[in-house]
Amino acid sequence: MIDAAHNEPHFFSSQSISNILWAAGNHPDGVQLSGELLGVLADLSVRKFETFTPQGLSNSAWGFASVGFNPGGDFIDLLKRAWCREGQTYIVTEVANLLWSFYILKEHPGDQTLESVSRRLADIPEEDMHLQTIANILYTLAQMEYLPPRRTMERLEDICTGAMRRGAEGDEDVRMAQGGATLSNLLWAMSSLRYRPGEEFLAAFNEQCVRRCDEFTDQGVSNIMFAYANLDSNPGPAV
């Protein structure tokens, strides 16, 4: 593959590059690509950058992050600029995967990019916004110490409140997506960002904690108790 990339790079489309990286990161046992091959794929990604779709960029960045390889400043800078320029067209999974990739690669996307993320989160259709994805996004933003504008946070809070209520009412698909890790990450992220959700959210959250208490790890319990204290919120004796 390395020889082909050097000698016949025209055979490697941006789609094939993203597919290789996605497959390497997504394989349950992990696919060990050599540093040399990853470097070649990073170089090809820069050379063919303008032909990537948003999904291709997201999958490529996610793949690099999943195998622990930083593709270098040229690719990262191009990715930041593309995200700022075209971010309003990205779907929520692309946003979530790109944020996670920057976090894992220890690269900051920049304030302008994060502002673009905030605007996109305010506009993505509600039916595409799942509790687990929102929790993952907020967790990553908390790690980056970036608090979106209140309008965006209030919208995310309302969507989460509705999702937790549907889970409590027996919606199986929603309920299955509300595991202990999702719930603990969600509240921890809000508290770390110094965002205090309203009483309706907290009531729905507390109910889910009681219902799913056996799904929390020790770390999850610790994160939730820390978040309650940070938010100055007493969940009550049931929790």
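User: Why does Cys160 count as buried?

Analyst: This is a predicted model, and in it Cys160 has a relative accessibility of 0%. Buried means under 20% relative accessible area, so Cys160 counts as buried.

User: What makes Cys209 buried, and why is the sulfur of Cys209 too far from the closest cysteine sulfur for a bond?

Analyst: The relative accessibility of Cys209 is 5%, and with the limit for buried set at under 20%, Cys209 counts as buried. As for a bond, the closest cysteine sulfur belongs to Cys213 and lies 9.1 Å from that of Cys209, whereas a disulfide needs the two sulfur atoms within 2.5 Å, so the distance is too far. By this rule the count comes to zero disulfides.

User: What makes the pair of Phe64 and Phe75 edge-to-face?

Analyst: Here the ring centres are 5.8 Å apart, again within 6.5 Å, and the planes stand at 70 degrees, which is over 60, so the pair is edge-to-face. This pair links distant parts of the chain, since Phe64 belongs to helix α4 (residues 54–66) and Phe75 to helix α5 (residues 73–86), 11 residues apart. Phe64 is buried, as is Phe75. Ring pairs also join Phe49, Phe52, Phe64, Phe69 and Phe75 into a cluster.

User: Why is Asn59 called buried, and which residues is Asn59 in contact with, leaving aside its neighbours within four places in sequence?

Analyst: Asn59, whose place is in helix α4, has a relative accessible area of 14%, and because the limit is under 20%, Asn59 is buried. With those sequence neighbours left aside, Asn59 is in contact with Ser18, Leu21 and Trp22.

User: How do α5 and helix α7 pack, and at what angle?

Analyst: Helix α7 (residues 111–121) packs with α5 at an angle of about 35 degrees, the axes being 9 Å apart, and the crossing is left-handed. On the α5 side, Lys80, Trp83 and Cys84 meet Gln112, Thr113, Ser116 and Val117 of α7. Sorted by class, this contact has three nonpolar, three polar and one charged residues.

Notes
Residues numbered from 1 in each chain as written. Predicted model: local features only at pLDDT ≥ 70, side-chain atom pairs only at ≥ 80, totals over all residues. Heavy atoms only, no water. Phe/Tyr/Trp six-rings, centres within 6.5 Å; stacked < 30°, edge-to-face > 60°. Helix = DSSP H or I, 4+ residues; strand = E, 2+ residues; numbered from the N terminus. Buried < 20%, exposed > 50% of the residue type's maximum accessible area, 1.4 Å probe, protein only. Contact = heavy atoms within 4.5 Å. Axes fitted to C-alpha atoms, helices over the stretch in contact; angles between N-to-C directions. Left-handed = near helix turned anticlockwise from the far one by under 90°. Nonpolar A, V, L, I, M, F, W, Y, C, P; charged D, E, K, R; others polar.
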